[in-house]
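Let's take a friendly walk through this model, from its strands to its pocket and its aromatic rings.

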Amino acid sequence: MRRVRYESAGGPLFLEEVPVPEPGPGELLVRCAAVGVTLPVVRKVTEAAEPVPLGGEIAGEVVAAGEGVTRFRAGDRVTGLCFGHGYAEFALLHEAMASPVPDDADAVTAVALVRGGLVALGALTAARLAPGESVLVTAAASGVGHLAVQLARARGAGRVLGAVSGAAKADFVRSLGADDCVRYGDDSWGDPVDCVLDAVGGDLLTPAVAALAPHGRLVAYSSGGGTVRAYDLLVGAKSVIGFQMRLIARDRPDLYEQWRQELWRLFAEGALKPAVHGEFALADAAAAHEAITSRANLGKVVLRP
């Protein structure tokens, strides 16, 4: 089979021929029909000290199941997060991280919807969003962010704002139902909000915390790091909450399944519409990464093995 790999920090990415892997205990062997490209994986290529497997969101058909698998069998269509080599024609997916794909959805939709939607729903839940409250979503045009904008509205937010880097992204985010957008470099992000969902981190944390109203909550689910001064939280009784989807999948499978069902229900009702920026061949994985690093993407970037 073909898969994408790199040998040194920063790449380049290249295709190699390797044997199809064998599923171990609790694992599914999936023939990949779509692979999601995420910022954390892109960052690993440039920042990790040693090369790491290019994992991520995959969707496709189960080819074989390892020992102990009970929920899936060969022929089932699944999507989920692969922690090994996911940029490949075949990938291993742990059963706990797998979700079934409905018959009326294709693999690209599944990749664009499920993992990003689960993160967005989880971040909204962690923020304890109450009906009528206001929400600001950073990286609002991203694979997760564009779903978070729609989900905030679906969960009863009174005002939804997006933080973006340019005019094209602002237009895109407004088309999803956001009331307005702010630019990262603006002196002010407007009226304070009750919740911020932050996917950027780094230097952006300071204005993101400043955008919170008293008693506001910021949920950080970014791989970008960053530092928040305790005093900035103290003076407004503000909170910063960390969120990681992997812990929910491992420790709260009941909640993971509840959120998954909510996503597909909202999709079926037309209240949640995942957007795909572009589809790239495995051989063009570097171009897919560039779409992320250049901040050009409006919605999800997908590889098609």
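## Parallel strands

Strand E12 and strand E13 (residues 239–242) run parallel and are joined by four bridges. Within this pairing, Leu-218 stands opposite Val-240 in E13. Keep in mind as you look around that this is a predicted model.

E12 (residues 212–220) also pairs with strand E11 (residues 193–198), again in the parallel sense, over five bridges. Here Val-193 has Leu-212 in E12 as its bridge partner. To get from E11 to E12, the chain passes through helix H5 (residues 205–210), and this β-α-β crossover is right-handed.

## The largest pocket

The largest pocket holds about 1200 Å³ of space. Its lining consists of 46 residues, and those nearest the centre are Thr-38, Leu-39, Pro-40, Tyr-221 and Ser-223. Among the elements that give two or more residues to this lining are helix H1 (39–47), strand E4 (56–65), helix H2 (107–126) and helix H7 (245–251).

## Aromatic pairs

There are two aromatic pairs to look at. Phe-243 and Trp-259 make a tilted one, with 6.4 Å from centre to centre and 50° between the planes. Phe-243 sits in the loop between E13 and H7 while Trp-259 belongs to helix H8 (residues 253–269), so the pair ties together parts 16 residues apart in sequence. Both Phe-243 and Trp-259 are buried.

The rings of Trp-264 and Phe-267 have centres 5.6 Å apart and planes at 85°, so this pair is edge-to-face. Trp-264 and Phe-267 both lie in helix H8, three residues apart, or about one turn of the helix. Trp-264 is buried, at 8% relative accessible area, whereas Phe-267 is partly exposed, at 24%.

Technical notes. Residues are numbered from 1 along each chain as its sequence is written. This is a predicted model: local features need pLDDT of at least 70, side-chain atom pairs count only at pLDDT 80 or more; totals for chains, interfaces and linings use all residues. Side-chain values use heavy atoms; hydrogens and water are left out. On a 1 Å grid over the protein atoms alone, a cavity is a set of points where a 1.4 Å probe fits but cannot get out, and a pocket is an open set with protein on both sides within 12 Å along at least five of seven lines; lining residues have an atom within 4 Å of a point. Grid points are joined across faces, edges and corners, and a volume is the space filled by probe spheres set on the points. Two strands pair if DSSP finds at least two bridges between them. A crossover is right-handed if, with the strands pointing away from the viewer, the path from the first strand over the helix to the second runs clockwise. Rings of Phe, Tyr and Trp (its six-membered ring) pair if their centres lie within 6.5 Å; planes under 30 degrees apart count as stacked, over 60 as edge-to-face and the rest as tilted. Buried means under 20% relative accessible area, exposed over 50%, partly exposed in between (1.4 Å probe, protein chains only).
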